[in-house]
Amino acid sequence: MTQSQNTSPLRLRFGAEVAAARAAAAPIVALESTIITHGMPWPQNVETAEIVEDAVRAAGAVPATIAVLEGEIHIGLDAARLRALGQAKGVAKLSRADLAVCLAQRATGATTVAATMICARLAGIEVFATGGIGGVHRGAEDSFDISADLHELAQTPVTVVAAGAKAILDLPKTLEVLETLGVPVIAFGQDAFPAFWSRDSGLRAPLRMDDPAIIAASHRMRVALGLPGGQLIANPIPLADEIPSIDLAPLIAAAQAEAVAQGIKGKAVTPFLLDRLFALSQGRSLSANIALVLNNARLGAAIAKAMTKG
Ligand code: PSU
Ligand code: MN
């Protein structure tokens with residue numbers, strides 16, 4: 001260890017299962033915690049987090065749910081900590097800008113895609129599965145609301161598996177920004193860029209791959225090239241769980257109008273829209289959401305396994 005590491009104030013707390021996996025060089029899949037605290041209502045948030053972890057295990061990898069608890073980065077949460085986080089009120093939502101502040105204040109917070117990528121890299125975890133990433137919001141030409149997730153994908157070498165981006169975002173602009181930032185956007189098993197609840201956004205993904213082993217190989221190749229960022233793997237929701245976008249479009253428009261009318265800004269925007277959508281769809285969106293996260297967890301595990309074979 002170098003001097004600077006010895007004097008670093010940072011300490012990662014590894015869960016027992018993750019510590020054992022690290023010792024055995026077994027495949028590990030990182031999972032985020034903002035989806036638990038800000039992305040789904042209780043109790044489905046905790047139930048989903050648990051079955052997603054089980055899906056990773058069933059696919060032959062070890063899940064590492066990441067969160068900051070009382071000023072420490074946890075890589076892997078035990079059942080009690082997961083349940084407590086899922087029921088806690090007013091947990092902070094941590095993106096790149098917030099992480100150091102939360103740790104210095106010894107506070108608790110849930111990690112977004114951006115913050116989870118930062119923590120996963122520190123823990124040596126190269127694959128991360130979630131539901132949807134943040135992106136360019138509708139009306140960004142006025143609000144400038146562009147998620148820090150996109151910039152994180154450009155600078156932190158973690159392969160992120162998501163079901164594309166939600167239609168609460170401006171998908172063409174999101175793809176343009178990812179292209180500008182040099183982030184590979186790779187649709188898995190199809191040509192179309194998926195749109196979260198639906199398999200086809202109507203936009204073509206810039207890249208396509210059909211084999212987790214090739215995804216692992218291109219991750220390695222980026223590292224070998226000295227390229228700093230990660231890859232976005234856009235994995236379409238299973239056909240049986242898809243919701244036609246025509247059903248959701250009016251609800252998204254309504255939620256969007258409410259956000260504008262109520263002056264919702266900054267990091268409150270995404271949680272507000274997700275919460276309103278769940279309510280407006282009478283929970284219909286939730287089972288699809290759960291199915292796609294499970295699907296991403298399985299693909300994440302397959303990629304993580306391929307990385308350890310490499
Ligand atoms: N999109 C979803 N579900 C989520 C999120 C995004 O479909 O739970 C969460 C993720 O944690 C993501 C964050 O990183 O919201 C993006 O927030 P913002 O737009 O404020 O960057
Ligand atoms: Mn934002």
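## Shell around ligand 1

Two helices, α3 (34–39) and α13 (269–280), each contribute at least two residues to the shell around ligand 1. The largest share, 3 residues, is supplied by α3. The model under discussion is a predicted one.

In total, 17 residues surround the ligand, and the closest of them are Glu 32, Lys 93, Ser 147, Asp 149 and Lys 166. Sorted by class, this shell consists of 4 nonpolar, 8 polar and 5 charged residues.

In the side chain of Asp 149, an N or O atom is 2.7 Å from an oxygen atom of the ligand. Thr 270 likewise places a polar side-chain atom 2.7 Å from a ligand oxygen.

On its own, ligand 1 has 480 Å² of accessible area, of which the protein covers 93%.

## The largest pocket

Ligand 1 sits in the largest pocket, which holds about 590 Å³ of space. This pocket is lined by 33 residues, those closest to its centre being Lys 93, Gly 134, Ser 147, Asp 149 and Thr 270. The elements giving two or more residues to the lining are α3, α9 (148–155) and α13.

The lining of the largest pocket comprises 11 nonpolar, 15 polar and 7 charged residues.

Conventions
Residues numbered from 1 in each chain as written. Chains lettered and ligands numbered in written order. Predicted model: local features only at pLDDT ≥ 70, side-chain atom pairs only at ≥ 80, totals over all residues. Heavy atoms only, no water. Near = heavy atom within 4 Å. Polar contact = N/O pair within 3.5 Å; in protein donor to acceptor, adjacent residues only side chain to side chain. Areas by Shrake-Rupley, 256 points an atom, 1.4 Å probe, with all protein chains shown as cover. 1 Å grid on protein atoms, 1.4 Å probe; cavity = no way out; pocket = protein on both sides within 12 Å on 5 of 7 lines; lining within 4 Å. Sits in = over half its atoms within 2 Å of the grid points. Helix = DSSP H or I, 4+ residues; strand = E, 2+ residues; numbered from the N terminus. Nonpolar A, V, L, I, M, F, W, Y, C, P; charged D, E, K, R; others polar. Points joined across faces, edges and corners; volume = space filled by probe spheres on them.
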